[in-house]
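Hi everyone, thanks for having me.

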Amino acid sequence: MATEVLWWIFAVAIVGVSAGVVFSRSVIHSAIFLILSMVGVGAMYLLLMVEFLAIVQLLIYGGAVTVLILLALMLTRMGAGGAAQKVDGPQMPFALLAGGGILAILVGVAVSTSWPGDVDDQPTGISIELISEKLFQDFGAPFVIASALLLVALVGAIILARQEDAD
Amino acid sequence: MVPLENYLVLSAILFSLGVYGVLARRNAVLVLMSVELMLNAVSMNFIAFSAYLDPSRITGVIFAVFIITVAAAEVGLALAIVIRLFRNRATVNVDEAAILKW
């Protein structure tokens with residue numbers, strides 16, 4: 001019962017702040033709404049009893065990614081005269097159409113499908129031991145490739161963003 | 001008891017908001033934030049399926065781990081590109097950077 005109440009509180013909060021991300025007029029407000037949305041999704045992972053991913057979500061999305069985005073916003077501030085600029089392009093009605101269409105299709109599929117198994121049971125908790133077992137045994141190769149990908153992305157970001165003096 | 005459908009509908013709403021943001025907004029950083037919303041919706045879907053339907057093999061949780069990893073790399077690279085675009089063009093509007101060359 002308590003879980004249900006918490007779930008609805010967090011669900012309404014997540015939908016509200018995520019709408020704030022895409023509809024807000026100020027990019028800084030959008031970034032702060034994004035932090036709240038990430039924290040809310042982390043709370044959803046806790047309600048699904050996947051504690052490890054909830055912590056990872058808070059650390060990486062709530063901490064690192066949003067700090068990066070805020071820094072990029074700070075470095076790309078346009079002049080104060082930009083207040084009258086339109087935030088949406090001329091394609092905005094089509095974007096509404098596409099978003100609404102995808103929402104209708106996804107909700108229709110999710111509601112009309114009868115999911116197999118014990119769907120109405122509580123989710124069984126997924127322990128960090130099980131995750132590490134799977135990650136390092138069955139998915140060892142993708143894990144190593146992901147670390148190489150992070151290194152390549154790091155070097156690439158440095159090369160892209162660095163000042164070129166004279167070349 | 002929260003049924004699985006609740007999580008699916010919630011992540012569908014998040015994903016559609018992200019689609020709208022990617023298509024409608026002009027600021028490149030905001031497009032990136034909307035992509036993050038969509039990635040979050042997808043990993044919530046994966047984890048919900050994994051926790052409800054497949055709690056012994058947890059392939060969905062592993063997928064979510066990799067989604068978070070790749071999203072972190074993607075954010076770093078995309079923001080480097082945005083900063084480069086701003087330095088060269090003094091704009092971060094995606095519809096003013098449409099000629100695919102400097």
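From the N terminus on, chain A runs α-α-α-α-α-α. That comes to six helices and zero strands, where a helix is a DSSP run of H or I with at least four residues, a strand is a run of E with at least two, and numbering goes from the N terminus.

Some housekeeping: this is a predicted model, so local features need pLDDT of at least 70 and side-chain atom pairs count only at pLDDT 80 or more, while totals for chains, interfaces and linings use all residues. Residues are numbered from 1 along each chain as its sequence is written, and chains are lettered from A and ligands numbered from 1 in the order in which they are written.

Okay, chain B. The C-alpha trace of chain B spans about 50 × 25 × 20 Å along its principal axes.

How much of each chain is buried? In chain B, 57% of the 102 residues are; in chain A, 22% of the 167 residues are. Buried here means 20 or more other C-beta atoms within 10 Å of the residue's own, exposed means 12 or fewer, partly exposed is in between, and the C-beta atoms are placed from the backbone.

Take α6(A) as an example. It covers residues 140-161, so 22 residues, and reaches 32 Å from first C-alpha to last, close to the 32 Å expected; the expected span is 1.5 Å times one less than the number of residues. Of those 22 residues the number buried is two, so α6(A) lies largely in the open.

Now, how do the chains meet? 73 residues of chain A are in contact with 60 residues of chain B, contact meaning C-beta atoms, placed from the backbone, within 7 Å. On the chain A side, α4(A) gives the most, with 12 residues. That side divides into 57 nonpolar, 12 polar and four charged residues. Nonpolar is Ala, Val, Leu, Ile, Met, Phe, Trp, Tyr, Cys and Pro; charged is Asp, Glu, Lys and Arg; the others, Gly among them, are polar.

Zoom in on α2(A), residues 27-47, and α2(B), residues 28-53: they pack at about 10°, axes 11 Å apart. They are therefore roughly parallel. Among the residues making that contact are A:L34 and A:M38 from α2(A), and B:L37 and B:M44 from α2(B). By class it has 13 nonpolar, three polar and one charged residues.

α2(A) also packs on α3(A), at about 175° with axes 8 Å apart, and these two are therefore roughly antiparallel. Under 35 degrees counts as roughly parallel, over 145 as roughly antiparallel, 65 to 115 as roughly perpendicular, and the rest as oblique. Axes are lines fitted to C-alpha atoms, for helices over the stretch in contact, and angles run from 0 to 180 degrees between N-to-C directions. Here A:L34 and A:M38 turn up again, with A:L58 and A:L70 among the residues on the α3(A) side. This contact has 17 nonpolar, four polar and one charged residues.

Key:
Two residues are in contact if their C-beta atoms, placed from the backbone, lie within 7 Å.
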